[in-house]
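The sequence and structure should be kept in view throughout.

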Amino acid sequence: MSSNVIDLFNYHRHPTSAVRVGSIGIGGDNPIRLQSMTTTSTDDTAGSVAQAERIIKAGGELVRLTTQGSREAENLKNISAGIRADGFNTPLVADVHFNPHVADVAALYAEKVRINPGNYVDPARKFIKKEYTDEEYAQELKKIEERFVPFLNICKEHHTAIRIGVNHGSLSDRIRNRYGDTPEGIVESCMEFLRICKKEHFDDVVISIKASNTVVMVLSVRLLVATMEKEDMHYPLHLGVTEAGEGEDGRIKSCVGIGALLADGIGDTVRVSLSEEPEAEIPVARHLVDYIGRKAGQQYVPGIECPKFDWLRPQRRPTKAVGNIGGNHVPVVINSNEGDKADYIYVGSKLPEQLDAQKRYIVDFNVYGEMAQKGNVPDNVFPIFPVTAMPLVGAIQAKLKFLVLQFGTPSEEYLACLKSHPEVVVVCVSNHQNRLGCQRALVHEMMNAGVENPVVFAQMYQLHDKEEFQLRAAADMGALMIDGLTDGIWLLNDGNISPYDIEETAFNILQAARLRMSKTEYISCPGCGRTLYDLRSTIARIKEATKDMDGLKIGIMGCIVNGPGEMADADYGYVGAGVNRVSLYRRQVCVEKNIPQEVAVEHLLALIKADREAN
């Protein structure tokens with residue numbers, strides 16, 4: 001499926017048309033642009049100007065502001081004047097929901113206007129069930145066109161670009177009832193508007209598809225790219241994982257999702273959404289874009305795609321389980337020398353004097369062989385073989401063995417070994433400029449040969465900064481996990497980052513890709529001018545109170561725009577309902593409305609406690 005869209009093994013920017021947004025170009029041969037969004041009220045001219053300028057000074061190339069109503073849209077004129085007076089020509093983007101008239105006004109003053117197909121004409125979601133006949137559905141599309149075309153004409157007149165910004169959390173009931181809560185529905189929501197743009201010869205369009213679930217986000221964007229190709233559309237793409245959260249979790253989650261797409265050459269502008277000050281988003285985005293950009297000009301990787309692999313709808317690669325690795329088991333984590341949670345600890349050429357019976361150890365094959373000759377191999381110790389020792393794999397008896405391989409190893413040799421030894425788990429490594437391409441190529445070579453040994457991906461770094469390590473590891477693993485190729489992850493670092501931080505990063509990366517839950521997950525938005533309560537202090541209070549509730553997903557949302565939708569797979573939701581007012585959700589069902597903010601966290605904890613006691 002992917003051969004007509006991207007090259008799985010070699011990095012190239014996916015070609016898109018160039019769009020002019022004020023002083024900058026997006027798409028085409030332009031660099032990947034970085035942006036953020038203000039959290040100030042758009043009625044607050046001085047506050048919005050000051051925050052926008054902090055974003056710009058941090059390296060932001062576009063600044064988005066929320067425009068709830070016509071008054072806020074009108075005030076973009078004053079905000080723009082303030083920024084221009086200070087010597088900045090950075091384009092402003094108006095963010096519009098629910099009211100198409102506001103988009104008309106914003107187009108007069110902003111360089112770009114973002115509209116949401118889920119609520120531009122369709123009413124706010126009520127999660128209702130209704131079957132639409134083809135005639136009724138066509139009437140709904142006609143209603144969209146009748147309202148959308150006048151907006152496009154205003155944009156043409158004022159040279160205003162638009163962003164068709166689909167959010168998984170705010171798909172209309174109409175789309176959900178026809179297509180379900182699926183990537184197909186997300187893409188169709190976008191295509192309905194793009195087809196009108198094409199019909200009207202309006203080309204200044206950028207597209208985004210966002211979700212808090214990285215898998216949904218990546219697969220939806222992949223499908224959109226393929227769908228646009230079929231319909232001869234080449235609009236540039238804006239990438240982001242919405243409601244990613246804050247701190248390490250927000251950064252890792254963003255890099256897994258955005259990195260998986262950038263690594264395939266997809267994406268022309270990026271926003272990393274963090275529940276922090278907006279200017280903090282820019283350095284993360286800058287590092288991610290620069291790191292992925294190093295793949296450009298790589299040495300060619302002659303991989304051959306497996307015909308059974310579907311890049312658009314990947315399934316987990318079928319493997320025969322070896323112990324707790326592969327098969328239907330969750331991906332394992334291997335760590336080096338130390339760790340509390342890792343499934344396997346690599347100790348190299350020397351076992352600890354005292355083995356922990358609760359841990360599994362990986363030891364050099366020579367040491368294992370010496371122990372085997374003496375007949376004293378513990379049940380929780382397993383050998384690892386470098387590729388140069390592959391002929392010895394059959395000479396050493398063990399129920400689980402590890403073999404280090406990289407793409408380029410003569411396939412007839414290693415494939416024969418793997419077919420003869422189903423007890424071998426492959427440790428896939430690469431020192432190539434495009435490690436994703438090489439690691440994919442090895443696994444596809446195995447799939448083409450019908451080999452079903454599990455694969456653990458080992459990613460090696462030489463870093464001293466923990467955040468940099470986390471960003472790179474998350475980006476390198478993103479596509480491998482989304483592709484369904486990952487039976488395990490092993491992060492190695494020659495630097496001063498602690499083994500415990502390395503181990504925690506591996507678990508966080510797996511959780512970000514929804515492959516293995518190891519702690520509470522928080523789906524929290526970055527906040528904007530619509531947020532009417534103290535979002536960041538609330539996040540901190542909820543996280544502290546629920547940090548030991550392993551496997552729980554809690555949504556913390558500033559407002560109703562994406563709240564219930566982005567919390568589709570969250571267990572509980574805390575959603576802003578008005579000035580210092582909050583509503584609580586159990587999944588998508590509102591169970592308490594308009595609670596004062598001062599007591600809302602306590603109400604949430606009581607709800608969780610009551611549910612746990614009832615179960």
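Is R587 buried, partly exposed or exposed? In this predicted model, R587 is partly exposed, with a relative accessible area of 42%. Its side chain meets that of D571 in a salt bridge, at 3.4 Å from N to O. R587 lies in the loop between β22 (581-586) and β23 (589-596), while D571 lies in the loop between α16 (563-566) and β21 (572-578), so the pair ties together parts that are 16 residues apart in sequence. D571 has a relative accessibility of 19% and therefore counts as buried, because the term applies under 20% relative accessible area.

E61 and R33 form a salt bridge in which the closest N and O atoms are 2.9 Å apart. E61 is found in the loop between α1 (45-57) and β4 (62-66), and R33 in strand β3 (residues 33-37), so this contact ties together parts that are 28 residues apart in sequence. Both partners, E61 and R33, are buried.

D290 and R286 both belong to helix α9 (residues 281-293), where they are 4 residues apart, about one turn of the helix. Their salt bridge has its closest N and O atoms 3.1 Å apart. D290 is partly exposed, at a relative accessible area of 39%, and R286 is also partly exposed, at 33%.

The cysteines may now be considered. A disulfide is a covalent bond between the sulfur atoms of two cysteines. How many disulfides does a search of the whole structure find? The search finds 0. C306 illustrates this result: C306 is in no disulfide, and the nearest cysteine sulfur, that of C428, is 15 Å away. A disulfide would require the two sulfur atoms to be within 2.5 Å. C306 is buried, with a relative accessible area of 3%. C255 is likewise buried, with a relative accessible area of 0%.

Key:
Residues are numbered from 1 along each chain as its sequence is written. This is a predicted model: local features need pLDDT of at least 70, side-chain atom pairs count only at pLDDT 80 or more; totals for chains, interfaces and linings use all residues. Side-chain values use heavy atoms; hydrogens and water are left out. A salt bridge is a side-chain nitrogen of Lys or Arg within 4 Å of a carboxyl oxygen of Asp or Glu. Helices (H or I, at least four residues) and strands (E, at least two) are DSSP runs, numbered from the N terminus. Buried means under 20% relative accessible area, exposed over 50%, partly exposed in between (1.4 Å probe, protein chains only).
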